[in-house]
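Please open the model in a viewer and keep the sequence panel at hand.

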Amino acid sequence: MTEPTPHDLNPELRLLEAILFASAEPLTTEVLCKQLTEESNVLEMLYELKTLYAPRGINLVETDGYWSFRTAGDLAGQMKITRQPRRKLPRAAAEVLAIIAYHQPITRGEIESIRGVETSKGTLDILLELGWIRPGKRRDTPGRPLTWTTTQDFLSHFNLETLKDLPGLDELKAAGLLDMRPVLSELPRLSEGESAEHEAEENSDDDFDDDEDDFDDDEDDEVENDSADEEPNTAVAAE
């Protein structure tokens with residue numbers, strides 16, 4: 001007996017199944033109707049799926065008008081869920097991971113050359129702990145530096161089949177993840193009037209500095225003259 005292919009199954013039923021499976025929350029019939037064509041009998045297909053999944057480890061369950069997939073009740077005693085606490089990936093670790101993903105195999109020195117800063121051992125330890133990178137082969141160069149590559153867990157976590165599925169430059173720019181504008185273009189430009197006024201202010205500041213220097217020189221001269229005048233008096237007093 002040959003198994004049915006996707007073309008043999010009701011496309012609306014397959015879509016309904018996929019929507020229920022992908023949803024993080026139970027869905028009402030009204031919400032499901034909006035996802036399918038008007039001709040679809042959503043309630044009839046829901047009961048068809050419920051019958052189809054009844055003997056399996058996953059059941060389609062209705063709770064107060066909300067539909068969702070759940071594990072079979074008779075397996076509850078054998079189920080054990082292990083959850084790892086989520087933590088935000090530091091910016092340095094995210095940058096290193098992106099560089100390794102796009103340039104692997106790559107050495108630590110090459111990573112630092114691209115980033116422009118030194119890479120701490122703790123950054124690599126975070127990615128190793130997550131299981132997203134692993135040591136690769138050593139380079140056949142002086143010092144034989146170790147290279148780094150991504151793992152299968154990295155592909156699985158980011159829903160990639162192969163490294164070829166990594167987004168390209170155009171996709172990253174379209175998603176707003178890259179800003180290709182030059183930094184200097186962000187600086188405000190002065191108009192001709194403002195520029196002339198700015199130059200006049202700078203010139204006046206220079207003149208003021210020159211006046212201060214002249215004033216300081218005059219003060220020094222006065223101090224020297226006063227000292228010269230006081231010396232004879234001091235000599236007379238000593239006699």
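Predicted model: local features only at pLDDT ≥ 70, side-chain atom pairs only at ≥ 80, totals over all residues.

Residues are numbered from 1 along each chain as its sequence is written, and side-chain values use heavy atoms, with hydrogens and water left out.

Select L97 first, in helix α4 (residues 91–103); helices (H or I, at least four residues) and strands (E, at least two) are DSSP runs, numbered from the N terminus. L97 counts as buried because its relative accessibility is 5%, buried meaning under 20% relative accessible area with a 1.4 Å probe, protein chains only. W132 lies 35 residues from L97 along the chain, with 8.1 Å between their C-alpha atoms.

Next, display the open three-stranded sheet, ordered β4-β6-β5 with antiparallel pairing; strands pair if DSSP finds at least two bridges between them. Its edge strands, β4 (106–107) and β5 (133–138), each pair on one side only. Helix α4 packs on this sheet, touching β4, β5 and β6. Four bridges join β5 to the antiparallel strand β6 (residues 146–150), and R138 stands opposite L146 in β6.

Finally, move to strands β2 (residues 58–63) and β3 (residues 66–71), antiparallel and joined by six bridges. Here L60 stands opposite F69 in β3. Two residues separate the strands of this hairpin, where D64 takes a positive phi near 55°.

Methods: Buried < 20%, exposed > 50% of the residue type's maximum accessible area, 1.4 Å probe, protein only. Contact = heavy atoms within 4.5 Å. Axes fitted to C-alpha atoms, helices over the stretch in contact; angles between N-to-C directions.
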